[in-house]
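Here is a short report for a reader who is new to this structure. Please look over the sequence and the model, then read on.

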Amino acid sequence: MESKLITAKSEPLWNTNNKVISIVCALIVLLFALPLFGLNSFYLHLFIMIFMHAVMAQSWNVIAGFSGQISLGHGAFFGIGAYATSFFYMQYGITPWISIFFGMFISAIFAVLIGIPMLRLSGHYFAIATLLIGISFQVVFQRWDLVGAASGLWVTMTPEDSWIALQFHSSKIPYYYVFLIFFLITFFAVWLLSRSKLGYRLRAVRDDPQAALSLCINVSNYKIIAYVISAMIMAPMGSLFAQYILIIDPDRVFNIEISIIVLLITVLGGIGNVWGPIIGASILIPISEYSRIYLGGTGGAIDLIFYGLILMIICIFKPNGLISFIPKDILERKKQR
Amino acid sequence: MTSEIILQAIVTGLMMGLIYALIAAGLSLIFGLMEIVNFAHGEHLMLSMFSSFWLWSLFGLDPLFSIPITIILLAFCGILTHYFLIRYILKAKMLIQICATFGLSIFIRSIAQLLWTPDFRNVDKPLLEGRIEIGSVFIGQPQFYASLVCLLAFIGLYLFVTKTETGLALQATAQDRHAAEVLGIPSNKMFAIGWAIGLGCVGVAGGMMANYFFIFTDVGINFALFAFVAVALGGFGSIIGCLYAGIIIGLVESLGGLLIDPSFKLLYVFVIYLLVVIYKPQGLFGRY
């Protein structure tokens with residue numbers, strides 16, 4: 001009964017415009033070839049940050065854009081991922097390649113624990129609770145001696161570049177490829193998700209929970225599934241970020257700024273759209289990195305002013321984000337009736 | 001652990017709770033009126049404390065006397081917020097409303113950081129100083145008067161909303177803005193009034209707290225969090241619920257800090273929040 005009704009609505013999986021597919025393939029090839037042109041490390045860093053933030057924003061997009069639940073403390077999962085790899089590597093010497101999955105697993109458990117009580121509630125309650133969760137994690141980690149309390153974890157450096165320890169000191173190119181591959185995997189997965197039955201059910205839950213309920217969609221279960229998926233996308237980025245900078249502390253990886261920026265990128269690019277986070281990240285991260293170079297030094301305040309302003313302007317004038325400038329039929333082949 | 005210490009903690013919590021209650025009442029009023037949660041509430045509180053501070057530091061006006069000015073400034077700030085931001089997003093999705101007020105909060109906080117640097121400031125030698133000793137309980141004078149003024153303001157707000165014509169018009173708009181418009185109550189004007197009063201409450205609380213609290217750009221975050229919790233506890237849109245919820249939070253914060261560990265105050269409040277919203281999702285006095 002349930003699946004029949006939903007199947008009637010869903011489109012074939014590969015129903016995307018051929019032009020778009022070829023452009024995307026060309027872009028992917030270009031991204032893989034990019035380091036061969038001898039980019040300097042600043043540009044590599046820029047691209048790494050774009051990939052990372054795009055994935056983080058995509059993670060937020062899954063919970064907020066697809067299932068309509070606003071999480072204001074998504075940085076918590078980022079921090080869990082970061083601490084998981086660093087902690088297991090330093091204490092037990094487990095390679096980050098394995099502990100990335102530990103981080104994902106722990107994040108998923110927390111998402112379930114948080115989600116079961118909270119996601120039964122409507123929007124504002126959940127938003128406020130997640131805000132509290134984000135800050136609670138920071139408070140706990142600042143005082144938790146096992147993970148270095150406020151001074152954080154300083155990942156033991158390997159003397160040379162090492163794929164096993166996922167540490168590269170001489171060049172950023174390996175990091176570039178690692179982040180790129182995670183970026184592509186995540187986007188492909190979320191793209192599939194958005195076109196799967198699950199994606200349609202999540203959007204049904206977002207748009208009209210009662211109608212969804214009447215179609216036998218278990219609303220709170222689907223919200224929890226979305227939250228878990230979202231957490232599991234976020235955690236590996238935290239892990240990779242920890243491997244990238246090799247020093248993590250609660251003020252950095254549980255910072256509320258992380259929760260803000262994922263929200264901002266998604267809303268800027270286009271919320272509820274798979275392409276939104278890519279557009280948002282590729283516009284916002286260069287602005288942020290350049291403003292940090294030219295205006296920074298006194299702290300991150302100036303780019304935050306822009307963030308706040310952009311967020312308000314987007315909300316007033318373009319609530320669907322910059323993606324709404326692109327006509328919809330370019331991204332998706334028109335339905336043939 | 002004697003009974004005196006516990007009594008002391010209860011009194012401290014009670015005084016803090018009354019301040020939370022007033023801050024939350026402003027938030028709740030705005031929510032009840034237009035179903036928008038003002039995520040910039042903490043930043044508005046920060047602005048009111050800074051207004052008190054600058055009036056003291058530039059013009060030598062004691063925070064006690066500058067309160068009317070602070071209230072007017074904050075009410076004006078509320079009208080501006082409504083005029084430039086809120087009125088465009090009234091019909092938007094909840095998600096966009098949350099993002100917009102969240103954007104406002106980032107904007108105000110970072111502008112403040114740019115203008116005033118994140119330094120800690122405090123008002124030197126205000127009129128209200130020292131402490132009163134009742135039995136074995138010490139009560140700081142500024143804290144005591146702050147909570148007293150907040151309680152009075154709260155009662156005033158309650159009487160205003162339930163007894164005066166404007167207050168009843170606010171309630172009518174909150175219940176059904178279209179029906180209220182048919183009766184000749186302009187909802188746009190009511191929203192502006194709601195914002196002015198809601199932030200006016202914050203002005204009272206911030207102005208009184210400027211007497212004894214450190215003033216810095218991130219000061220609002222914790223108060224706003226507690227205010228959100230108080231609003232959810234009391235029930236979104238219920239003003240009287242805020243009073244009880246504020247007091248509960250104040251007591252939990254201070255007793256939890258005393259009996260368990262003061263560094264996890266936020267967590268105890270969070271636990272209370274979780275328990276209440278799970279078992280009584282509409283809050284203690286909620287309409288929804």
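## Two helices in chain A

In this predicted model, helix α4 (residues 75-92) of chain A and helix α6 (residues 123-142) of chain A have axes that come within 8 Å and cross at roughly 35°. Axes are lines fitted to C-alpha atoms, for helices over the stretch in contact, and angles run from 0 to 180 degrees between N-to-C directions. Helices (H or I, at least four residues) and strands (E, at least two) are DSSP runs, numbered from the N terminus.

From α4(A) come G75(A), A76(A) and G79(A). They meet I133(A), G134(A), F137(A) and F141(A) of α6(A). Contact requires C-beta atoms, placed from the backbone, within 7 Å. The residues of this contact split into four nonpolar, three polar and no charged. Here Ala, Val, Leu, Ile, Met, Phe, Trp, Tyr, Cys and Pro count as nonpolar, Asp, Glu, Lys and Arg as charged, and the others, Gly among them, as polar.

## Basis of the model

Residues are numbered from 1 along each chain as its sequence is written, and chains are lettered from A and ligands numbered from 1 in the order in which they are written. The model is predicted: local features need pLDDT of at least 70, side-chain atom pairs count only at pLDDT 80 or more, and totals for chains, interfaces and linings use all residues.

## Where the chains touch

Chain B gives 34 residues to the contact, and chain A gives 33 residues. On the chain B side, the elements with two or more residues are α3 (63-89), α4 (94-116), α9 (219-234) and α11 (265-279) of chain B. Of these, α4(B) gives the most, with 15 residues. That side of chain B holds 30 nonpolar residues, four polar and no charged.

## Chain B as a whole

Chain B has eleven helices and two strands. Their order from the N terminus is α-α-α-α-β-β-α-α-α-α-α-α-α. The radius of gyration of chain B is 19 Å, close to the 19 Å that the globule rule gives for 288 residues, so chain B is as compact as a globular protein of that length. The radius is taken over C-alpha atoms, and the rule is 2.2 Å times the number of residues to the power 0.38.

## The hairpin of chain B

Strands β1 (residues 131-134) and β2 (residues 137-140) of chain B pair in the antiparallel sense over four bridges. Pairing needs at least two DSSP bridges between the strands. I132(B) has I139(B) in β2(B) as its bridge partner. Two residues lie between the strands of this hairpin, and G135(B) in the turn has a positive phi of about 60°.

Note on methods
Two residues are in contact if their C-beta atoms, placed from the backbone, lie within 7 Å.
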